[in-house]
Amino acid sequence: MEFYVISLVKIAVVFAGFMTVLAYLQWVERKVIAHVQVRVGPNRVGPHGLLQPMADIIKLVTKEGFLPSHVHKFFYLLAPFIAVSMALVSISIIPFGSEIKVFGYTTWMQLTDLNVGILFVLAISSLGVYGIALAGWSSNNKYSLLGGLRSSAQMISYELPLSLAITAPLLIAGTLSLREIVQSQGGYNFGFLPRWSVFAGPFPQVFSFIIFVIAGFAETNRVPFDLPEAENELVAGFHTEYSSMQFASFFMAEYANMVTITCITTILFLGGWQPLFPASLGSNYLPPLLLFFVGALLLFNGLNPRRRKDRFSLPVFAVVFFLLGILFLVPAVKPILVPFFWFAAKVGFLLFTFIWIRGTLPRFRYDQLMSFAWKFLFPAALINLLITGLLVALTAK
Amino acid sequence: MDLFFFVVFAVVAIGGGVSVVLQTHPISSALSLVAVMGSLAVLYLLLGAEFIAMAQVIVYAGAIMVLFLFVIMLLNSGGETKPGRSAMVKVLGVPVLAGFVAIIAYVFSLSFNDTLAVHFGGFSDGSARSIGRAIFGAYLLPFEVTSVLILVAILGAVVLARKELD
C-alpha cells in the first residue's frame with residue numbers, strides 16, 4: 001500500500017514537473033533564438049513574456065480541431081496519440097537524483113528502474129516513428145507523405161549510430177540499468193577529475209558522446225536535421241494537416257523527445273547526478289553561490305533599469321533566486337536538491353546547446369543527411385566501439 | 001496481476017493475428033502485426049525474459065515493421081478488393097483449419113505434460129548477461145553461421161538491386 005502511495009505521489013510530481021518543463025522549454029527556445037538573431041522574443045504576455053506558454057496552451061486547447069475530409073480518419077487521429085505517448089513514457093525510468101529520505105520514507109528520485117532500462121528507451125523511441133510515419137501517410141497529402149517518409153528514413157538511419165554510440169559506454173559501465181550506469185560513474189580520478197564516461201575508463205568516450213549527440217539531433221528531428229518539416233519545401237511536413245490539440249501533441253512530442261535524449265546523454269556520458277568536482281572541494285556550495293550570483297546580477301540590473309518595467313520585475317526575480325539559494329543551504333532539503341541540481345544543470349546545458357545550434361546552423365540537404373549517417377557516423381561509431389571493446393577486454397580483471 | 005496481464009495481452013496477440021488476415025487495407029494489416037509483436041513482447045516480459053522482450057520491440061516492431069510500413073506507403077497501394085472465393089476454399093477451408101489446430105494441440109499434449117507448467121517470471125536467465133553468455137558460449141557457432149547467412153542475404157539484395165540499375 002505504502003509503495004502505491006509513494007509511487008503515485010512521485011508520478012504526480014514528475015508529471016507536473018515534466019509538463020512545466022515542456023511548456024517553458026518552448027519559451028526558453030523562443031527567447032534564446034530571438035537573442036541569437038538580435039530580436040527581443042515574446043515579451044507581451046506577462047513580464048518578459050513569461051506567461052506566453054500559458055497563452056499558447058489556452059490558444060491550442062480552444063482552437064477548433066479540424067478534421068479534413070480526405071484523410072484516413074482512424075490513423076489520422078491515432079498518429080498524434082502514438083507520437084505523444086511514446087515521447088512521454090521514457091521519462092518514467094530517468095533517475096533524477098540519488099536515494100532520498102522524505103518524511104521518513106526512503107525512495108529513489110526515479111519512478112522505476114528497469115534492469116534493461118537503456119534498451120527500453122531505445123525500444124520506445126523506435127516506436128515513436130509510427131506516429132510520424134502514420135501522420136504523414138494518413139493525411140493523404142503529398143507534402144505530409146514526403147515529410148513522414150523522410151522522417152522515418154532519417155530516424156531508422158540514425159538509430160544505428162545512436163545505438164552503437166550507446167553501446168561503448170555500456171561496455172565500461174557493465175550494466176543496462178540507468179541507475180547503475182550513473183552509480184558506476186561515481187568517484188574521481190586524481191582527486192578532482194570525475195569518472196564520467198566522457199573523461200574516464202580505459203577509453204574516454206568523447207567520440208561516442210559527439211556521435212550520440214549528433215544522432216540525437218537527427219532522432220529528434222531538430223535543426224540541422226529538421227528535413228521532415230522543412231517549411232520551404234514541404235509546408236510543415238508530416239503535421240501540415242493537423243490543427244489544435246493534435247498539432248500540439250506533435251509539438252509536445254518533439255520537446256519531450258528532446259528532454260529524453262538530453263537526459264539519456266547526461267546519464268550515459270556526463271555522470272547523471274554526480275557533481276563535477278568532489279564535495280571535499282565544495283561542490284555542494286556551488287549551486288547556492290550560483291543562484292546568489294544570478295540574484296545579485298538581477299538586483300543590480302533592477303536597480304539600474306534599462307527599461308521602465310525592469311524596475312519591478314527584476315528585483316522580484318532576484319528575491320526568488322535568493323530564496324532558492326537559501327533553500328540549498330537548508331540541511332533537510334540539501335541532499336535532495338544538490339544531486340537534482342547537477343542533473344538539471346547538465347540537462348539544461350545540453351538543451352541550451354540544442355537551441356543554440358538551431359540558431360546557428362543551416363539545414364542539411366537530404367542526400368547529405370543520408371550519406372553523413374551511413375558513410376561517416378556509422379563507421380565512426382563502429383570503430384569507436386571496436387577500440388572501446390578491445391581496451392575494456394584488455395583492462396578487465 | 002500476472003494472470004490478468006497474460007489474458008489481456010494474449011487476447012490482443014490473437015486478435016491482432018486474426019486482424020492481420022481479415023483487414024483489407026495493407027497498412028491496417030501491418031499495424032495489426034505491430035500489435036501482435038508488442039503483445040508478444042509483454043508475454044516475454046511476464047515470463048521473465050526482459051532482454052528478449054526489449055529485443056522483440058526494437059527489432060521487430062521498431063525496425064522490421066517500420067520498413068514494411070515504409071514500403072507500403074511508398075507503393076501507396078489502396079485497399080484490397082475482395083476476390084471471389086473459389087469453391088475449394090469454401091468447402092475445405094474450415095475442416096483443414098480444424099485439422100491443423102488438432103495436430104498442433106496433439107503435438108503439444110505429447111511433448112509437454114502437466115509437470116512442465118509455465119510460471120510467470122519463472123525463467124531466471126532472461127537478463128542481457130545470461131543471453132550474452134549463451135550466445136557467445138554454448139551457441140557461438142550457430143550464432144556466427146546465422147550472421148554469415150544474413151550477410152549473404154544482404155549481399156544478394158545489393159547485387160539484385162544493382163542489376164536493375166544497369
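# Briefing on a predicted two-chain model

From the N terminus on, the elements of chain B follow one another as α-α-α-α-α-α, and the secondary structure of this chain comes to 6 helices and 0 strands.

**Chain B**

- Chain B has 166 residues, of which 19% are buried.
- If one takes the contacts in chain B between residues at least 6 apart in sequence, 64% of them join residues that are at least 24 apart.

**The two domains of chain A**

- Chain A is divided into domain 1, which covers 1–62, and domain 2, which is made of two stretches written as 66–274 + 330–395.
- The C-alpha centres of domain 1 of chain A and domain 2 of chain A lie 19 Å apart, and the contact between these domains takes 17 residues from domain 1 of chain A and 17 residues from domain 2 of chain A.
- On the side of domain 1 of chain A that touches domain 2 of chain A, helix H1 (2–36) and helix H2 (52–62) of chain A each supply at least two residues, while the largest share, 14 residues, comes from H1(A).
- Sorted by residue class, that side of domain 1 of chain A consists of 13 nonpolar, 2 polar and 2 charged residues.

**Where chain B meets chain A**

- The contact between the chains takes 16 residues from chain B and 17 residues from chain A.
- Which helix of chain B gives the most to the side that touches chain A? Helix H3 (residues 50–75) of chain B does, with 13 residues.
- The residues on the side of chain B that touches chain A divide into 13 nonpolar, 2 polar and 1 charged.

**The largest nonpolar core**

- The largest nonpolar core has 116 residues, and those with the most contacts inside it are Ala83(A), Leu119(A), Ala123(A), Ala133(A), Ala165(A), Ala215(A) and Met54(B).
- Helix H4 (residues 117–138) of chain A provides the largest share of this core, with 15 residues.

Definitions and conventions
Residues are numbered from 1 along each chain as its sequence is written. Chains are lettered from A and ligands numbered from 1 in the order in which they are written. This is a predicted model: local features need pLDDT of at least 70, side-chain atom pairs count only at pLDDT 80 or more; totals for chains, interfaces and linings use all residues. Helices (H or I, at least four residues) and strands (E, at least two) are DSSP runs, numbered from the N terminus. A residue is buried if 20 or more other C-beta atoms lie within 10 Å of its own, exposed if 12 or fewer, and partly exposed in between; C-beta atoms are placed from the backbone. Two residues are in contact if their C-beta atoms, placed from the backbone, lie within 7 Å. Domain bounds come from an automatic or database domain assignment. Ala, Val, Leu, Ile, Met, Phe, Trp, Tyr, Cys and Pro count as nonpolar, Asp, Glu, Lys and Arg as charged, and the others, Gly among them, as polar. A nonpolar core is a set of buried Ala, Val, Leu, Ile, Met, Phe, Trp, Tyr and Cys residues joined through C-beta atoms within 7 Å.
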